[in-house]
Structure formats: C-alpha cells, structure tokens
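Good morning, everyone. Let me put the structure up, and then we will walk through a few points.

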Amino acid sequence: MHASLMDLIAWLGVDPNFVQQLINGLTLGSIYGLIAIGYTMVFGIIGMVNFAHGDVFMLSAFIALIFFLVLTTIIGIGSVALALFIVMLIAMVLTSLWGWALERLAYRPLRGSFRLAPLISAIGVSIFLSNFVQVAQGARNKPTPPMLPDVIPLFERDGYVVALSYKQLIIMLTTIVVLAIFWFVVQRTSLGRAQRACEQDRKMAALVGIDVDRTIALTFVLGAGLAAIAGTMYLLYYGVVNFADGFVPGVKAFTAAVLGGIGSLPGAVIGGLIIGLVEVLWSAYFSIAYKDVAAFCILIIVLTFMPSGLLGRPEVEKV
Amino acid sequence: MAASARLPAGAVSAAPEPPRPAPGFADALRDALYAALITLGLSIPLLALRTEQGPNGLVLEPRWGLVAACCGIVFVGRLLLRLLGLRAVPSRRSMAARGAVTTRAEPERQSGFALSALLGPVFLGIAVTFPLLAYLSAGGLTESRYWVDLGILILTYVMLGWGLNIVVGLAGLLDLGYVAFYAVGAYSYALLATTFSLSFWICLPLAGILAAFWGILLGFPVLRLRGDYLAIVTLAFGEIIRLVLINWVDVTGGGAGISSIPRVTFFGIPFTNDETGFLGWMRWLLGWRDGAQGSLGWLFGPEGPTFSPMHRIIFLYYLILVLALITNLVTLRLRRLPVGRAWEALREDEIACRSLGINTTSTKLTAFAIGAMFGGFAGSFFAVRQGFISPESFNFLESATILAIVVLGGMGSQIGVAIAAVAMVGGPEMLRNLGFLSHVFGSGFDPNEYRFLLFGMGMVLMMIWRPRGLISVREPSVVLRERRAISGSHVKEGHG
C-alpha cells in the first residue's frame with residue numbers, strides 16, 4: 001500500500017520538491033494551528049485579541065528547553081522521545097499556570113472596562129513576557145542538542161529524495177491526537193458546553209448557573225496548554241529558541257485564526273495549515289526573505305475581502 | 001478629587017461599599033501561601049535554571065536563591081495586602097460601576113478642567129526654557145548635552161503621540177502600525193538626502209507628503225475593518241514596511257541601514273566652526289568683526305562668540321519643539337473644522353455618522369493621512385538627528401510605546417499625551433541613573449535591562465488603575481451656552 005501510493009505519486013509526475021515542501025508546510029501549519037486555537041477560543045469567548053499569546057508560546061518553548069536539558073543531562077533519560085513526551089506534559093502544566101495567572105492578573109480586572117483596555121493590557125503582557133524571558137534567560141539564541149535526526153525516505157525521483165523526518169511525523173501525529181482530545185473536550189464535556197454557552201451570551205450563561213469567570217479562566221488555561229504543545233514542537237522542529245520568537249509566530253497564528261474564521265475551532269486549524277503551506281511554498285518558489293510579508297499580506301487580503309474568514313460567522317453590525 | 005470624581009452618581013445614593021470585616025490571620029496566611037506557591041510554579045524553570053552556553057551545548061545554572069526571594073516577596077506582599085484589607089486590583093463591582101457612568105458633568109470635574117487648562121502654559125514654559133534650565137543646572141553647554149538629548153527624545157514622542165492622537169484619539173481608529181509612517185518619513189529624508197543631496201528643509205515637507213500618501217494607501221484596505229481587526233491589520237502593515245526595509249537591500253541598505261545622513265543646517269548654514277558656517281553667522285548677527293565688538297559683542301568678551309557643537313543640538317531641540325507645537329496647533333484647529341468634527345462624530349457612532357450623510361471614507365482617510373503626515377515629519381527629524389537609521393528603530397515596540405503614550409495620556413487629550421510622553425520616555429531613562437542599586441543586587445545588576453519589563457508591567461497596571469488615562473477630562477469641541485469639561489468616560493473610543 002505504502003509503496004504503491006508512492007509509486008502513484010511518482011507516476012503522476014508530481015515535482016518531488018513540491019511534495020517535500022508540502023510535508024514541510026503541513027508540519028509548520030500544525031504548529032500554527034495549535035497556537036491559533038488559543039487566539040480563536042479567547043476571541044470567541046471574550047471578544048479580545050490575546051496579543052500575548054505568541055509570547056506565551058515562546059515561554060512554553062523555553063520551559064520545554066529547560067526541562068529537556070534537566071531530563072537528559074541531569075536525570076539522564078536516554079530516550080529522546082520519552083524525554084520529549086514528559087517535557088511536553090510538564091510544559092503544558094506550567095504554561096497553563098502562566099495562562100491562568102495572566103488572565104487573573106492582567107485581563108480579569110479589566111472585564112467590563114472600555115474596549116481598548118484588554119488589548120492594551122495584552123500588549124503590555126506581551127512586552128513583559130518577552131523581556132522577562134530575556135532578563136531571566138539571556139538574549140542569545142538557545143540551541144538544543146540535536147534531537148531525532150532520522151528521516152524516513154518516501155520516494156526518490158531524479159536523484160531528489162523526498163523524506164519525512166521523525167520530527168515531522170511526531171509533530172503531525174501529536175497535533176492530530178491533541179486536536180481529537182481537544183475536540184472531545186469542547187463538544188462532549190460540561191466545560192465545553194459552558195464555554196460554548198459563554199461564547200453565545202455571557203449574561204445568559206451566568207443566569208443559567210455557569211461560572212463565567214471560571215470558564216473564561218479555563219479557556220485561557222486550555223489555550224496556553226495548546227500553545228505549550230506548539231512550543232515543544234517548535235523547539236523539536238527548529239532546535240533553537242530565542243526570547244523574541246513569540247511575536248512573528250503569534251501574528252501568523254492570529255492570521256491563521258482570522259483566515260479560518262475567528263471563533264471557529266476547525267477554522268483555526270485549517271487556517272494554520274494554509275498559512276504554513278503558503279509560507280513554506282513561498283520560501284521555496286519565490287523568496288525566503290519575503291515569507292513573512294506573504295503571510296501578513298494574506299492577513300490584510302482576507303480581512304479586507306472576507307472578514308468573517310472561511311468558517312466564521314459574519315459579524316452583524318448593531319446600532 | 002480623584003476619589004470623588006470617580007464615583008458615579010448612581011452609586012452616590014447607595015452607601016459606599018461597607019467596610020469588609022478584617023480577614024482573619026489564618027485566612028490571610030493561607031491566601032499568601034497560595035500566592036507564593038503560584039509564584040513558585042511560575043518561576044520554577046525560567047528563573048530557577050538559567051541556560052548558559054557551555055563548551056558542549058547549553059548547561060543549566062541553578063539560581064534557587066532568586067526563586068526563594070521572589071516567593072518570599074510575593075508572600076509578604078500578599079499577606080500585608082490582605083491584612084491591611086487592601087485590594088491590589090479594584091473589585092469587579094466598582095469596575096462595572098465605573099464603566100457605566102451615565103451622569104452629567106459633575107461640578108468637581110471643573111477643577112480638573114481648570115487644572116488641565118493651567119498645565120498647558122506651564123508645560124510650554126518649561127519646554128521653551130528647557131535648554132537654558134539644563135545649561136544652568138548642569139553648569140555648562142557640553143555638560144547639559146545629556147539633558148537636551150533627553151528633551152529631544154521626549155519631544156519626538158510627544159509629537160508622535162499627538163500625531164497618533166489624531167487617528168486614535170479623535171477619529172477612534174486603532175492604529176498599531178503607526179511606526180510605519182515614522183519609518184517612511186525617516187527613510188524618505190535619508191534616501192532623498194543621500195541620493196539627490198537635497199536639503200533637510202526641502203525633504204521635510206516631502207517626507208510628510210510621502211508619509212501621508214502611505215497613510216492613504218493603508219487607509220483604503222482597512223476602511224471596512226473595525227476594532228481589533230483594524231488594530232491587527234495596521235500592525236501587519238507596520239511589520240510589512242519593516243520587513244521590506246530589511247530585505248530591499250539595494251535601496252534601503254537592508255539591516256545595516258543608511259549611515260552618514262547629512263546633518264541639519266541652520267536654514268542652509270551648516271553648523272561648523274568657521275566663517276562660512278554657524279560661527280560666521282553668529283559673528284555677522286552680533287556685528288563682531290576681527291576684534292571690533294559690535295552692538296552685542298560686549299556679551300562675549302574680546303574673542304567674540306565661540307562655536308560649540310551643542311549649538312546644533314539646541315537647534316534640533318527647538319526644531320522638534322516647533323514641529324510638535326505645529327502638530328498640536330493643527331490638531332486643535334482641525335477639531336473646530338468640519339473634518340475634525342466629523343472625526344469625533346465617527347468615533348462616537350459610525351452608523352449615526354453615515355446616516356447623517358458624513359462621508360466616512362474620506363473622513364477616515366483624512367485622519368490616516370494627517371496622522372501619518374505628522375509621523376513622517378517626526379521620522380525625518382529622527383533621521384536628521386541620528387545621522388543613521390536602520391529598520392530596527394522601527395519595530396513594533398515603538399508603535400506600542402506611542403500607542404501607550406496616547407492611551408495613558410487619555411485619548412484625545414493633548415496635554416495628557418505630553419505628560420504621558422514625559423512619563424513613558426523619561427521614566428525608563430531615569431532607570432539608567434539607578435546605578436547605585438548594583439551595590440544592593442551585586443555588580444552584575446544593570447537596571448537598564450529591566451526597562452521594558454517594567455514598561456510592560458506599567459501598561460497593564462495603568463489599564464487596571466486608570467483605563468481612561470491620566471487626564472480624564474476632555475474639552476468639548478462644540479459649546480452650547482457655557483464651557484464645561486466632559487468626563488473621559490463619556491467619550492467613546494470608537495469602533496475601528
């Protein structure tokens with residue numbers, strides 16, 4: 001089956017470079033998708049752009065890096081995959097704590113305040129987080145020891161080997177599994193129901209006995225947890241992290257959320273995959289220097305011509 | 001005044017919040033313990049273990065003392081807060097009440113109005129005499145350089161704040177990419193001056209026009225956007241400009257930037273120490289010729305007026321002061337014109353605006369264009385002052401700083417923006433002077449590292465403490481019978 005599929009691709013005459021870039025793009029897109037869910041959930045429930053979400057993601061990558069070092073150099077776990085799994089869980093817990101604390105300290109006091117206040121507060125949190133990490137961990141790039149360098153060659157054509165690396169496989173599989181769990185949480189548990197109720201009408205949700213504050217706090221916690229998975233995957237994929245790495249992925253993930261239709265969870269993932277693909281294909285075929293410009297241009301084009309995104313509900317203008 | 005003015009009329013009839021029973025010591029202790037535990041959780045990997053580059057990859061350097069100190073501070077702080085019955089964060093109830101102010105202007109506000117009316121002339125007086133004050137207090141021209149440079153920096157941000165205030169404060173369009181226009185202005189001057197050797201005085205208006213053009217260019221696609229969407233698109237626009245500046249190496253010099261930008265001239269006369277330069281001009285002005293003292297020559301003694309490089313700096317100071325005041329004046333006058341009223345109407349209610357026949361397209365575009373124009377002026381001033389520009393001067397942090405100045409000042413309040421600029425730019429600068437703290441925290445302690453950390457924290461605290469900004473009174477642009485101040489909480493922040 002495997003061989004025949006690859007033969008089919010080869011027979012179809014698809015450019016092997018294109019297939020390779022497709023794989024790379026989907027990997028990157030998975031990471032963006034995981035971050036984008038955090039944006040889209042928070043926007044759906046309290047209507048604010050959590051500007052600091054990109055920095056929470058960066059923070060989680062640092063937490064993952066430090067625990068990876070602790071596990072491999074101090075405790076001495078030999079298996080990188082096992083270490084990564086433990087690191088991911090720890091990073092999720094600690095980043096969720098950060099998400100909770102930020103919501104409690106910087107956003108909750110502003111609920112009911114004027115519209116710009118949470119956005120400005122979030123910008124403040126974003127600046128705080130990146131500089132906190134800079135002060136605490138230093139401004140240099142932090143490279144990890146090489147992790148999982150092996151690749152699975154898929155097929156060869158004209159001397160060009162298309163390969164799926166273990167990293168990419170892990171990232172895609174993790175994303176799929178996490179999204180399945182997450183989907184279950186949102187669709188089937190009481191927390192998910194409370195979340196969807198708050199999203200529709202916060203006041204009514206409170207009237208029917210939902211603890212709105214708790215639900216919102218848990219939304220931030222969930223978003224931060226997903227960002228932590230993305231952060232661990234990012235660290236695994238690139239093998240380096242820097243205190244300033246939160247901003248650009250953050251904006252791109254927001255673009256993904258907008259592209260998919262803000263407030264829509266599947267939309268966020270689809271948007272993330274599209275942004276990842278566009279970025280990688282743009283780098284491969286046009287110019288690597290302008291890949292971020294391409295992503296930002298998509299944001300502007302989408303918002304101008306399709307403000308409700310692919311799967312979003314159109315915004316109704318009320319008097 | 002602050003406490004009473006913030007109470008809405010609705011809450012006056014109801015008794016103020018009853019004094020809460022003093023919390024038991026055990027409760028407070030438990031609460032503080034939780035806070036300390038959370039701090040421990042937050043700081044465990046990031047503060048406790050610092051990654052350092054070792055010979056074979058990263059090594060971890062434990063710093064448990066720091067974590068213990070942080071937890072201790074949080075524990076004690078939280079305990080004290082609880083025992084004293086204070087709240088670090090205003091209660092939700094008072095917050096909601098504050099948001100729902102629906103009263104007329106209260107008499108107490110008038111005093112705030114008078115105060116802010118008085119602040120203007122005071123600030124202007126200080127600004128005009130600032131180089132003299134710096135000269136007197138520092139005891140010499142060269143010694144006062146630091147202070148005059150700081151003054152220039154603050155005034156640049158005052159001007160940027162006033163420029164952005166047109167877009168955000170008056171028209172209610174949230175712009176997170178204002179730094180793009182600053183960059184356009186700076187690169188316009190730098191490129192025109194280095195390529196065509198045009199004078200600063202020709203480039204200054206050109207830079208403003210080019211920035212205004214870019215403002216319109218940005219304005220078109222975002223006309224339909226509102227709120228946070230608009231904010232993010234303008235942010236993306238700012239980033240695009242910066243990325244193009246970095247990557248278009250042939251024109252902009254890429255990340256290395258543009259250096260040796262021609263310096264400012266005294267309306268064509270270079271600041272040099274010879275007869276054809278500023279020295280000669282001073283001599284001519286004072287009638288001093290080869291020892292023959294002119295009408296004012298007695299002021300300078302036998303060797304006549306001497307040239308100092310500080311003359312250029314002081315000239316730059318007054319240049320940016322005049323530019324900032326022009327921005328202010330134009331804004332104040334525009335508010336009285338139909339277009340200014342349309343801006344404010346747009347901020348209050350866009351739908352009502354449209355139904356009254358106001359052309360929202362041109363109203364938004366003029367706001368973007370005029371705001372951008374002043375950003376462009378400030379940018380070309382920045383380029384002529386620095387002599388070197390690179391894309392790194394125009395990152396998102398700059399936009400955030402300018403926006404924070406506008407919001408902190410109270411959107412729409414001119415004097416508030418000036419005060420906020422002093423606080424936001426001058427405050428972090430003062431951190432440099434805290435070198436004595438290194439005796440407390442060890443020699444490796446550099447307070448300057450913590451600038452942006454504190455800056456970010458300040459932004460959050462500001463939003464919690466005074467979301468309406470420092471100056472919470474607004475001057476109405478149209479007056480019926482009597483002049484009254486209006487509270488900032490009556491002013492809407494716009495939809496887009």
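Start in chain B, at B:Cys353. This residue is buried, with a relative accessible area of 2%. One thing to keep in mind: this is a predicted model.

What about disulfides? Over all chains, the structure holds zero.

On to the interface. How many residues of chain A are in contact with chain B? The number is 70, and they meet 64 residues of chain B. The size of an interface is often given as the accessible area lost when the parts come together. Here, the area buried between chain A and chain B is about 6100 Å². Carbon and sulfur atoms give 74% of that area.

Which elements build the chain A side? Those that give two or more residues to it are α3 (53–75), α4 (80–107), α5 (116–137), β1 (142–143), α10 (247–260) and α12 (291–305) of chain A. The largest share comes from α5(A), with 15 residues. By residue type, the side of chain A that touches chain B divides into 51 nonpolar, nine polar and 10 charged.

And the pairings across it? For salt bridges between chain A and chain B, the rule finds zero. For polar contact, the rule finds eight residue pairs across this interface, both residues at pLDDT 80 or more.

Technical notes: Residues numbered from 1 in each chain as written. Chains lettered and ligands numbered in written order. Predicted model: local features only at pLDDT ≥ 70, side-chain atom pairs only at ≥ 80, totals over all residues. Heavy atoms only, no water. Disulfide = S-S within 2.5 Å. Buried < 20%, exposed > 50% of the residue type's maximum accessible area, 1.4 Å probe, protein only. Contact = heavy atoms within 4.5 Å. Buried area = accessible area lost by both parts, 1.4 Å probe. Salt bridge = Lys/Arg side-chain N within 4 Å of Asp/Glu carboxyl O. Polar contact = N/O pair within 3.5 Å; in protein donor to acceptor, adjacent residues only side chain to side chain. Helix = DSSP H or I, 4+ residues; strand = E, 2+ residues; numbered from the N terminus. Nonpolar A, V, L, I, M, F, W, Y, C, P; charged D, E, K, R; others polar.
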